Amino acid sequence: MPNIKSQKDRVVQAKKEALHNKAIKSNLKTVTKQANAAIEAGAENRDAAIRTAVSAIDKAKSKGVLHKNTAARKISRMAKRANKAQA
């Protein structure tokens, strides 16, 4: 446990940030799973699900939760999966 006041503040901030990032990642996983399920099933709402997932990935990237290359890779793989299922 830190003794310095600024370090005590950083511990509190880190916990708060970790909770925020966890919520974003959890939502990201949920939306991605829904999009993948829609792609697999060939559902009518497939395009909307993919758009929602890509939007969530971009938001996570812009907030610094995901690295830009990780976000690009996830979007690319989803698009590739969708195109393969459509063909």
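## Largest pocket

Lys25, Leu28, Lys29, Thr32, Asn36, Ile57, Leu66, Lys74, Arg77, Met78 and Arg81 line the largest pocket, where a pocket is, on a 1 Å grid over the protein atoms alone, an open set of points where a 1.4 Å probe fits, with protein on both sides within 12 Å along at least five of seven lines, and lining residues have an atom within 4 Å of a point. This is a predicted model, in which local features need pLDDT of at least 70 and side-chain atom pairs count only at pLDDT 80 or more, while totals for chains, interfaces and linings use all residues. Residues are numbered from 1 along each chain as its sequence is written, and side-chain values use heavy atoms, with hydrogens and water left out.

The volume of the largest pocket is about 190 Å³, a volume being the space filled by probe spheres set on the points. H1 and H3 each supply at least two residues of its lining, and H1 gives the most, with 5 residues; helices are DSSP runs (H or I, at least four residues) numbered from the N terminus.

Ile57, which lies in helix H2, counts as buried at 1% relative accessibility, buried meaning under 20% relative accessible area, exposed over 50% and partly exposed in between, with a 1.4 Å probe and protein chains only. Apart from its neighbours within four places in sequence, Ile57 is in contact with Leu28, Leu66, Ala71, Lys74, Ile75 and Met78, contact meaning heavy atoms within 4.5 Å.

## Charged side chains

The structure holds 1 salt bridge, defined as a side-chain nitrogen of Lys or Arg within 4 Å of a carboxyl oxygen of Asp or Glu. The side chains of Lys5 and Asp9 meet in a salt bridge at 3.6 Å, N to O; these residues are 4 residues apart in helix H1 and so are separated by about one helical turn. Lys5 is exposed, with a relative accessible area of 62%, whereas Asp9 is partly exposed, at 36%.

Arg46, found in helix H2 (residues 46-62), is buried yet has no salt bridge, and the nearest side chain of opposite charge, Asp47, is 4.3 Å away. Leaving aside neighbours within four places in sequence, Arg46 is in contact with Ala38, Ile39 and Gln86.

Notes
Lys, Arg positive; Asp, Glu negative; His and termini not counted.
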